[in-house]
Amino acid sequence: MKKYAVRRLLQLIPILLAITFLSYGMMRIAGSDVVEQKMENTGETVSQEIVDAAREELGLDKPFFVQYFSWLCNLLRGDMGTSYVSNKPVFSTFVSKLPATLLLTFVSILLTVVISIPLGIWAAVRQNKITDYVIRTASFIGNSLPNFFVSLLLMYLFAIRLGWFPVISKGVSLQSVALPALTLAIAMSSKYLRQVRATVTLLTISIGSLLGGTAIVESIFMWDGVGKMAVDAINMRDYPIIQAYVMWMAIIYVVVNLITDLSYRFLDPRIRLGGIEQ
Amino acid sequence: MSETVTVRIQKIKKNTVKGRLIFFLVLAAILLLVTIFAGRIVPYDPYAQDLSKSMMPPSAEHLMGTDRYGRDMFSRVIVGAQVSIFSTLALVGVISVFGTIVGTLCGYYGGAVDSIVMRISDVCLAFPGLVFALAIAALLGGGVGNAVIALAAISWPKYARVARSRTLALKNVPFVLAARLSGCTSLQMILRHILPNILGPILVTAMLDIGTMMMELAGLSFLGLGAQPPTAEWGNMMSGGRSMLQTYPWLVLSPGLAIFNLLGDTVRDYMDPKNSRAR
């Protein structure tokens with residue numbers, strides 16, 4: 001177990017490096033560098049010499065790999081540059097929005113468990129009876145509804161018609177988190193109900209789809225988390241923010257995967273170390 | 001006694017699954033036909049604006065009402081299916097073929113290229129699906145083509161993984177070894193003996209992917225990263241109708257229901273081959 005954990009941790013290093021490299025590379029390909037962006041923002045036309053001087057000052061004239069490494073060193077110190085739009089440090093912006101997303105993820109996982117486990121057991125006990133059929137059909141329907149549609153449906157029903165919950169979330173509160181979390185939980189529970197057997201591994205998969213899915217749901221419900229931040233940043237072409245979002249989501253995802261994998265092995269003594277890999 | 005009962009139940013199950021499969025295949029075929037001829041069968045021009053008729057509720061004249069520019073929603077939903085369905089089919093086609101080729105070659109030849117490609121797929125799989133697609137779409141800008149590229153970039157490894165592990169398992173099976181002993185070239189081995197035997201799981205994966213991919217494409221369009229207005233596409237139509245939710249919920253509900261009905265049926269239909277295989 002210890003050996004396996006160490007091996008998995010070591011395997012994590014190249015993947016993390018690749019993630020950072022890819023997120024850095026992608027946003028560099030995106031075209032405009034910091035200098036151009038800043039010049040554009042001020043609206044001044046400046047001579048090429050000034051641009052070159054600014055580039056040199058920021059180290060943008062150096063080879064790509066050198067730039068990547070200095071970026072990586074800054075990253076390790078928690079410095080991810082500043083947002084093109086708000087001019088605030090990217091890292092602290094990201095960190096300030098993360099708790100809202102984590103809360104949303106946590107509540108939707110909780111709701112998923114509360115919905116899917118009893119229903120799954122109930123359907124299994126009543127196999128091939130009407131209850132089973134109804135639950136299975138419901139899970140099929142839940143599975144084929146895109147989550148933006150579920151969001152709008154819930155919003156219409158519970159926020160506009162019944163007025164139980166706010167249409168647009170007012171800060172981080174239990175009332176505001178209910179509808180977005182329910183949206184995510186509906187999609188998740190449908191998946192769970194379909195394949196009840198491998199629940200632990202499913203949890204990992206669901207964290208992945210949750211992290212992506214929050215982007216859409218957060219921007220519909222105006223939930224002030226990293227997902228909404230990313231969608232706003234994409235619309236504003238605020239590349240440092242997008243970069244931070246992509247990279248941190250990937251890192252969180254990989255780390256969560258690792259933890260689940262390790263706990264799975266820890267919980268199930270039958271699985272021999274490395275025995276299941278191809 | 002109990003054994004005969006089980007056998008009978010299994011037979012009944014098999015028959016209903018087969019019946020359902022045929023039923024949904026027919027539905028899918030109809031859906032495809034409707035989509036292909038969408039331009040000819042819709043009652044109104046999906047792009048013709050008539051501001052005097054904007055925001056009408058559903059009526060006999062306009063089955064799903066009209067949107068804010070007075071365009072007939074029913075026509076737009078049907079024509080919107082074209083973009084959604086064809087781009088999804090193209091996407092799934094490309095990734096399944098590409099992934100299968102890569103995976104089979106990796107599994108068959110192994111070696112350094114195999115490890116490199118598998119590490120690349122590890123990295124692709126390390127990004128949570130839609131997050132990576134969002135990043136690529138942000139990089140490339142909006143448009144259906146770019147959304148397809150973004151989703152393709154994150155989804156091919158799944159096929160490569162399936163194809164590779166199947167190929168590895170098949171490589172040492174007696175009939176493949178026999179074929180090798182009888183002097184088959186590598187190309188013959190792959191095309192005649194390995195590929196036909198790995199197509200089943202690939203096909204099932206692809207069928208299951210259609211629904212997911214359609215939703216993710218619609219999701220990207222909904223965020224403004226896929227099909228651009230005025231193109232009729234379900235995702236951006238729902239996004240366009242979103243701000244009118246309070247007073248005109250049908251603008252949101254009608255394209256949504258189309259997604260749910262058509263997609264639900266197709267997804268369910270494609271689920272079935274797996275079920276009948278397992279039984």
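Tutor: Let's start with the elements: helices (H or I, at least four residues) and strands (E, at least two) are DSSP runs, numbered from the N terminus. What you have here is a predicted model, where local features need pLDDT of at least 70 and side-chain atom pairs count only at pLDDT 80 or more, while totals for chains, interfaces and linings use all residues, and side-chain values use heavy atoms, with hydrogens and water left out. Residues are numbered from 1 along each chain as its sequence is written, with chains lettered from A and ligands numbered from 1 in the order in which they are written.

Now chain A. Of its 278 residues, 47% count as buried, meaning under 20% relative accessible area; exposed is over 50%, and partly exposed is in between (1.4 Å probe, protein chains only). Contacts here are heavy atoms within 4.5 Å. Among those in chain A between residues at least 6 apart in sequence, 72% join residues at least 24 apart.

On to the part you asked about. A nonpolar core is a set of buried Ala, Val, Leu, Ile, Met, Phe, Trp, Tyr and Cys residues joined through side-chain atoms within 4.5 Å. The largest one has 124 residues, and A:Ile19 and A:Tyr245 touch the most other members. Helix H11 (residues 239-267) of chain A gives this core its largest share, 14 residues. At least three residues also come from each of domain 1 (32-79) and domain 2 (100-276) of chain A, with bounds taken from an automatic or database domain assignment.

Zoom in on A:Tyr245. Leaving out residues up to four places away in sequence, A:Tyr245 touches A:Phe94, A:Leu211, A:Ala215, A:Val226, A:Gly227, A:Met229, A:Ala230, B:Val131 and B:Leu134. One of those, A:Val226, leads us to a loop: A:Met222 sits between helix H9 (199-221) and helix H10 (226-236) of chain A. A:Met222 is partly exposed, at 39% relative accessible area. Its backbone is worth a glance too. Most residues other than glycine have a negative phi. Phi of A:Met222, though, is near 55°, a positive value.

A:Asn87 also has a positive phi, about 65°, without being a glycine. You'll find A:Asn87 in the loop between helix H4 (64-76) and helix H5 (90-125) of chain A, and it counts as exposed, at 53% relative accessibility.
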